[in-house]
Amino acid sequence: MTDRPTTQRAGLKGSWLVLALCLFLLLGIGGIQAARWKTPIRDAQIRHSLLLQAEALARTINPQQAKALSFTDADENLPQFLRLRSHLTAYHHKLGFRGIYTIALKDDKLVFGPESYAKDDPQASPVGTVYMQPSQEILDIFRTARAFVEGPVADEYGVFLSAIAPVIDPRTNEVILVVGLDIEASEWQATLAREQKIVAAGVLLFCVLFTAAFLLLHYRSKIPPHRH
């Protein structure tokens, strides 16, 4: 004759095992979804921070000094040019962007002005260099005067996530120049990948702890009552 309590205990243990496996599976699926949800959230945070930094930097640039620049090589010895380049370089070293640059619209062409890049940097542009592959958004900002973040987009210098903000003449509302902050696309992708790994590691740790707790309880359930 079958021992009914023993059978019930075996059935109960089997039910707990199925439940534990189901919970483990749900945790794994939940971890994958959490990593996927976290990526766009982190991306939005990066873009928002980049935009705020570009707008803050644009506000520190004196519009009258900016208007004194011609965005030609004749600017290089002007105190206004040297002062702005020094300011951008200091900001670059403090915050660690790949580069900071300025662009003006001259004769229906976008040209580069003072920037934080060293002259021997492969991404540096001599003053007056025409920007050959600007996005439509950069062209439009001289009309809309609205800061924005774009990218990652490719141009003749590489692939970047960029924030662009205008420096505006308060008397005429004219966009004198725009300032741009760049993050290399590879760095942006690495940041998002690192965020996914952090979430995945947290879920994995929880799953390991959950499994260890379940195995401990399962082991204790096999010990005869008089040995507890």
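The legends below describe close-up views of a predicted model. Residue numbers start from 1 along each chain as its sequence is written, and local features need pLDDT of at least 70. Side-chain atom pairs count only at pLDDT 80 or more, totals for chains, interfaces and linings use all residues, and side-chain values use heavy atoms, with hydrogens and water left out.

**View 1. The chain has five helices and five strands.** Helices (H or I, at least four residues) and strands (E, at least two) are DSSP runs numbered from the N terminus. From that terminus on, the order of elements is α-α-α-β-β-α-β-β-β-α. Of the 228 residues, 33% count as buried, where buried means under 20% relative accessible area, exposed over 50% and partly exposed in between (1.4 Å probe, protein chains only). The chain exposes about 14000 Å², of which carbon and sulfur atoms supply 61%; areas come from the Shrake-Rupley method with a 1.4 Å probe. Among contacts between residues at least 6 apart in sequence, 60% join residues at least 24 apart, a contact being heavy atoms within 4.5 Å.

**View 2. Five strands form an open sheet in the order S2-S1-S5-S4-S3, with antiparallel pairing.** Two strands pair if DSSP finds at least two bridges between them. Strand S2 (109-115) and strand S3 (148-155) are at the edges with a single partner strand each, so one side of each has no neighbour in the sheet. Neighbouring strands are turned by 35 degrees against each other on average, direction ignored. Helix H3 (residues 79-95) packs on the sheet and touches S1, S2 and S5; its direction makes about 75 degrees with that of S2. Axes are lines fitted to C-alpha atoms, for helices over the stretch in contact, and angles run from 0 to 180 degrees between N-to-C directions.

**View 3. Strand S1 (residues 99-106) is joined to strand S5 (residues 175-184) by five bridges, and the two run antiparallel.** Threonine 102 stands opposite valine 179 in S5.

**View 4. S1 and S2 form a hairpin with two residues between them.** Their pairing is antiparallel over five bridges. Lysine 106 has lysine 109 in S2 as its bridge partner. In the turn, aspartate 107 has a positive phi of about 55 degrees. Six of the seven residues of S2 are buried.

**View 5. Tyr101, Phe112, Tyr131 and Tyr157 form one aromatic cluster.** Three aromatic pairs are found in the whole structure. Rings of Phe, Tyr and Trp (its six-membered ring) pair if their centres lie within 6.5 Å; planes under 30 degrees apart count as stacked, over 60 as edge-to-face and the rest as tilted. The rings of tyrosine 101 and phenylalanine 112 have centres 6.1 Å apart and planes at 70 degrees, so this pair is edge-to-face. Tyrosine 101 belongs to strand S1 and phenylalanine 112 to strand S2, so the pair ties together parts eleven residues apart in sequence. Both tyrosine 101 and phenylalanine 112 are buried. For phenylalanine 112 and tyrosine 131 the ring centres are 5.1 Å apart and the planes at 45 degrees, so that pair is tilted. It links phenylalanine 112 in strand S2 with tyrosine 131 in the loop between S2 and helix H4 (136-144), 19 residues apart. Tyrosine 131, like phenylalanine 112, is buried.

**View 6. Aspartate 121 lies in the loop between S2 and H4.** Its relative accessibility is 17%, so aspartate 121 counts as buried. The side chain of aspartate 121 reaches the backbone nitrogen of glutamine 123 at 2.8 Å.

Conventions: A polar contact is a pair of N or O atoms within 3.5 Å; within protein, one must be able to donate a hydrogen and the other to accept it, and residues adjacent in sequence count only if both atoms are side-chain atoms.
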